[in-house]
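Please find my notes on this model below. They take the interface first, then one residue of interest.

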Amino acid sequence: MTLIRLQRAAFGYTRRPVVAGVDLEVRAGRFFGIVGPNGAGKTTLFRGILGLLKPLAGSVERSGVVIGYVPQRETLDALYPLTAQEVVEMGAYRRLSGLRAVTRADRDASSAMLVRVGLGEQRAARFSALSGGQRQRALIARALMTKPNVLLLDEPTSGVDRAAQARILALLRELHREGLAILLVSHHLSMVRESVDEVLWVSRGTVRHGSPSELLKPEQLDELFETEAAPEEA
Amino acid sequence: MDISWADRIDLFRFALSAALIAGLVCPLIGVFLLLRRTSFYGIALPQFAAAGVVFGFVLLPWWAQHIGLGDVTLEMALSDTHAVMNYHLAWAALFTFGGLFALVWLGRRGGSEIGRVAAAFAIANAATYFFGRLSPVGKSFVDELLQGEILGVGVHELETIGVLLGGVLVCIFVFHRDLVLVSFDREFALVLGKRVVAFETLLNVLVGVGVAAGTMTLGPTILFGLIVLPPLAARPFASSMNRFLLFSSLLGVLAVVGGVVVSFEWDFPLGASVVAVAALELLPALCVRRN
């Protein structure tokens, strides 16, 4: 089943395309990694798939699909005195508005999500007091609260230690095994190589598709990067 | 002659009730300004409101002659500033919203937030004195507001602040979850399909209404103190967002009650006394941060 389909899509800012001619089909149960050099347009493509940028050309179909979005945790302000549970409960806000309060069922679901991501003990802790890896897992729990068909993650392992990276990856692989489609942006090539089914290589405004073994071979990387700076190898 | 506490409370019941309403609601506005890192709006916007009030006085003779003030004559309007309260409030609101939308619009173009707000404050402050030169009556009225002497608040001002800040309170109570969401993680809110721009506009309107009504009734001194200080005092002790809102509001009310005691016991201006008590509430928060 196709969840998201891009046909000859172009995304950019102030009518200037950053990536163009993108064809992509995100099907149920697939695991995609978006990689490429810094400034190549990974984030622009990601925001286009997410629906935060309208296509400048081509089309994007995602009707009826629930997207679970996991932002980079650095974008969230530590000033907010939110508990981990309050952050996860935000995933239930889609159907809550005005006086409709968070129900006991929502609280139970958010508690279960926190247990699921290994943060059952930290549910009353301040979100800003959690470690980087814990915050990332709480954001994954929040995305899961939306009951998504596809999970979109922006640099989920950026800035966390190796143990936390491994934990996040194990969680993503588990979700993938359960049939959830996943699409992540990362500059950790080794992580992408080990985890994903398909790679979207973004470079110089174009997107190449392929398997990790095909696109992330050392000789292939040399050719793709040419004179561009290589992404950090985790 | 000694006046008993009961007599003082009865005599100044409108002013005290208005201050208590402000103590309850203004810190809630301040919570969102603080979290969105726009607390300095709390300084600049009341100054815009004050400039608007004085500008209204400048225009008052022309307005009375060409548009009219209902049953109120120009002499009555100039001698009793409460007589055309809605007229003054309208000018305060117009200048507040003008300043607010200018700050939001300039904010979207990037640059230094602090620099923008400082410039806005300087301009609004100069405008207050400039208009004050053209209308000495308006200037003396605003000087009274700036001193934080609010005991002259009458029933009309109380009704006005009650309705307007009551509306702000109801909106924050009903929409606080969405307002927190769009402030904390705008992109996640967009992905959830929330009407982010509508909620951001609502928040700006709540800030504008609260500041305009509060400045017109109680003056910038008490208003700025109640917007900024209680949330700063409450934040280190708030273990959740709901508690942050609740503690801020409680500290605002406590500052008003404490300010009334200080003002009545030592004969200080009520507004300044409220702000002084609110400042004392910061001490525990400073100790916690030091630890």
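1. Salt bridges. In this predicted model, the rule finds 3 salt bridges across the interface of chain A and chain B. A:Arg47 forms a salt bridge with B:Glu187. The closest N and O atoms of A:Arg47 and B:Glu187 are 2.2 Å apart.

2. Polar contacts. The same interface, chain A with chain B, holds 13 residue pairs in polar contact, both residues at pLDDT 80 or more. On the side of chain A that touches chain B, helix H1 (42-50), strand E5 (67-70) and helix H2 (84-89) each supply at least two residues. By class, that side of chain A has 19 nonpolar, 5 polar and 7 charged residues.

3. Extent. How many residues of each chain are in contact? Chain A contributes 31 residues and chain B 28. The area buried between the two chains is about 2700 Å². Carbon and sulfur atoms give 60% of that area. In chain A, the residues that lose the most area to chain B are A:Leu79, A:Tyr80 and A:Tyr93. Together they account for 25% of what the chain A side buries.

4. A:Arg5. This residue lies in strand E1 (residues 2-13) of chain A.

5. Surroundings of A:Arg5. Leaving aside neighbours within four places in sequence, A:Arg5 is in contact with A:Leu24, A:Glu25, A:Ser59, A:Val60 and A:Glu61. A:Ala40 is 35 residues from A:Arg5 along the chain, and their C-alpha atoms are separated by 21 Å.

Note on methods: Residues are numbered from 1 along each chain as its sequence is written. Chains are lettered from A and ligands numbered from 1 in the order in which they are written. This is a predicted model: local features need pLDDT of at least 70, side-chain atom pairs count only at pLDDT 80 or more; totals for chains, interfaces and linings use all residues. Side-chain values use heavy atoms; hydrogens and water are left out. Contact means heavy atoms within 4.5 Å. Buried area is the accessible area (1.4 Å probe) that two parts lose on being put together, summed over both. A salt bridge is a side-chain nitrogen of Lys or Arg within 4 Å of a carboxyl oxygen of Asp or Glu. A polar contact is a pair of N or O atoms within 3.5 Å; within protein, one must be able to donate a hydrogen and the other to accept it, and residues adjacent in sequence count only if both atoms are side-chain atoms. Helices (H or I, at least four residues) and strands (E, at least two) are DSSP runs, numbered from the N terminus. Ala, Val, Leu, Ile, Met, Phe, Trp, Tyr, Cys and Pro count as nonpolar, Asp, Glu, Lys and Arg as charged, and the others, Gly among them, as polar.
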